[in-house]
Structures are given as C-alpha cells and as structure tokens.
Amino acid sequence: MGEVNFKDTKILVTGCAGFIGSHLCERLCKEGALVIGIDRFSDYYSRDLKERNLEELREQENFQLIEADLLDLDLEKLVGDIDYIFHEAAQAGVRASWGAQFEVYVRDNILATQKLLEACKSASQLKKFVFASSSSVYGDTPELPMHENSILKPASPYGSSKLAAENLCYLYWKNFGVPTASLRYFTVYGPRQRPDMAFHRFIKAMLTGDKIEVYGDGKQTRDFTYVSDAVNATISAVNAPSGEVFNIGGGSQVALVEVIHLLEEIMGKKANVAFSSEQKGDVRHTFASTKKAKEILNFKPSFSLERGLKEEIRWMENIYGSTRLSSSRNIWNI
Ligand SMILES: NC(=O)c1ccc[n+]([C@@H]2O[C@H](COP(=O)([O-])OP(=O)(O)OC[C@H]3O[C@@H](n4cnc5c(N)ncnc54)[C@H](O)[C@@H]3O)[C@@H](O)[C@H]2O)c1
C-alpha cells in the first residue's frame, strides 16, 4: 500500500487531547498536514493530563484546537474542506460503562459518531474517515485469535456502543458513500496511557509503593499494542478500501501476571499485588489476527512489550515527579 503525502492536507482529529488522539495529531503535524483537533475535555479523567498531552501540539503552527463537544458544533461547515477525518473521540473504559453512565457512552460514542457521519455526506473533499473501534466488539469469543469476521458479542455496554458506531460507519459508506474504514485497536499502551488502564495503574502503584489491584486471578491475557504502532496503522488506514474493518494488535498474548513480573524486572523492585474480584464487562482473553492489516495496510508492529513498557515507565516517572501534577489531588482519578 502506497505512502500518503499529508503535506498541506487538511485533517480533522476528534479526541485530540486524549491518549491516542494527541500522538496521532503530533505525527500528522510532523508530516506537514494542517490539523484541526476537537476535544470536549470530558471528565472521564483529569484535564491536567490532557493539557500535558497537548503541550507539544500547542506549539505547532499547523495545529488548531477546537475545545467543543462534537454534538454542539456545526459539523457540516467544519468538514466541508477536510481531506481526512480520524475519529478518536469516545467515552472509553469498559468497567465504567454500566448503569447510569451508559448515557454518556450513547452520547459520545453513538450519537456523536452518527452526527459526524451525517455531516460527511456532503463533504466533497473527504478521502477517508478512519474510525477508532475496539477489540471489545468481540466480547468473550472462544475463537482465538480473533478474526475480523469472528462473531461479535460485546461483553460490556462500552463494547456495544463501539460496535454500534462501527456499524454506523459501514452504513454511511454503503448508503451515502462516506469513505469509512474502522480499526479495532487491541489494548493500546505507552506514554500518555489513560489512568484507568492496567499498565498505568500498575506502574503508578509500583512507583508509589502502593498495592497493585488486579481484577480476577491475573491470568487473563491481552494483546498489547504500543501507541506508535497503533498510530502508524491509523495513518496507513487512509489507503484502506472503504467499508472495511481491521484488527490492530501488537502481536503477543500476555497474561497480566506476566506483565507484572516484567515490570518487576525492569523497575528492579517487587510488586505488592492484591487480587480482587473480576469486573463485569472484562473479557478473559484478547488476541488479534492481524493478517488482514498486514496484507492490506502493511501493518508491522515494531515495539516489543519490554521496550514499550520502558517508554511508559519513563513517562510515568516524569509526570509523577512533576510538582504541577502531584499538587493536583485528583490527577489519578478517573
Ligand atoms: N486506549 C485503548 O487501548 C483503546 C483500545 C480500543 C479502542 N480505543 C478507542 O480509541 C479512541 C481513543 O482512545 P483513548 O484511549 O485515547 O481515549 P481518551 O479518553 O484518552 O481520549 C478520547 C478523547 O475524546 C474526547 N471526547 C469524548 N467525547 C467527545 C465529544 N462528544 N466531543 C469531543 N470530544 C470528545 C475526550 O474528552 C477524550 O479526550 C477511543 O475511540 C477508544 O474507544 C482505545
């Protein structure tokens, strides 16, 4: 699949202040694109962290931030001259998606996506709309590795909302020619990882001497994807055939207890682990078949888990030592 020259293209990135969105914007700015980022700074986790994510971007002349909710914007006007859209905005997190909170998931993940797709019907310059979907659309499938055509039975309200959005992307391609492609990311990690995610919680606990809380027996496995590998895949998806879905996984299936052992080796200290009950919505295993992404997107994950963890630890040490952040009492809250 050929390289894309992003120089002077106009790109919209939703969720630009978040973990993956901020890395993606930086990369696109470096490639010479004019990047418009939208974020509503949802309170799922601290604004301080999101401001940090944006520090480098705010210095870029070719980056423009719109602080707004997608549901409040005149999107038709906004997407009128856009070449590419990367739709990263969402209310993330499996465990928080039950109960009354589901309303936020419906709003941010389903309604906002539908509104953006609706606006794209008249976006004459739009060449690709890349949607950030999730491995959580599979649920607890017995079939491993998970293939793009495996049965989809999300195990959480979050997964259901991502599947609904993914289906909407397909429908807007089929019916109105909006050139969508969806990427099912498998547990992304690295610098700026969200504070509710396992590695972030584990590393923070090891740095502060707190207990690492592991939900269940710790033998559940995940396919972990380093953030720059996820960003490479996302960028290459502008060349994907529309209407298609791709798994994006780092390529190894590792149990959480093994990750903790690896952290102990890298950080040279023992972890203080406390096992607690399994969380509703968590699946037992995830493991991606990335054959399709390799063949069509030329996806080649390049970070080993050890190398990627070292990068995340370095970032965590850096922010944890910062007076600005450590003075913010709720910085680690989600
Ligand atoms: N991080 C992962 O491991 C992972 C795995 C699978 C899928 N994903 C998907 O990738 C995307 C990015 O995830 P992340 O981990 O960077 O999450 P994140 O929470 O760090 O970033 C998402 C951003 O979207 C913004 N947002 C939410 N609703 C919005 C709205 N209505 N209008 C404007 N902005 C809005 C939030 O304020 C937030 O900053 C999400 O769509 C998520 O579902 C992430």
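Ser289 sits in the loop that links β13 (273-276) to α9 (291-297). Helices (H or I, at least four residues) and strands (E, at least two) are DSSP runs, numbered from the N terminus. The model is predicted: local features need pLDDT of at least 70, side-chain atom pairs count only at pLDDT 80 or more, and totals for chains, interfaces and linings use all residues. Residues are numbered from 1 along each chain as its sequence is written, and side-chain values use heavy atoms, with hydrogens and water left out.

Ser289 has a relative accessible area of 8% and is therefore buried (buried means under 20%, exposed over 50%, partly exposed in between; 1.4 Å probe, protein chains only). Not counting residues up to four places away in sequence, Ser289 touches Pro145, Met146, His147, Glu148 and Asn247 (contact means heavy atoms within 4.5 Å).

The ligand has 27 residues around it, and Asp39, Tyr45, Tyr158, Lys162 and Val188 come nearest (a residue is near if one of its heavy atoms lies within 4 Å). The shell divides into 13 nonpolar, six polar and eight charged residues. Here Ala, Val, Leu, Ile, Met, Phe, Trp, Tyr, Cys and Pro count as nonpolar, Asp, Glu, Lys and Arg as charged, and the others, Gly among them, as polar. β5 gives the most to this shell, with three residues. A polar side-chain atom of Asp69 lies 3.1 Å from a nitrogen atom of the ligand. A ligand oxygen atom is 2.9 Å from a polar backbone atom of Glu88. For the side chain of Arg194, an N or O atom is 2.8 Å from an oxygen atom of the ligand.

Conventions. A polar contact is a pair of N or O atoms within 3.5 Å; within protein, one must be able to donate a hydrogen and the other to accept it, and residues adjacent in sequence count only if both atoms are side-chain atoms.
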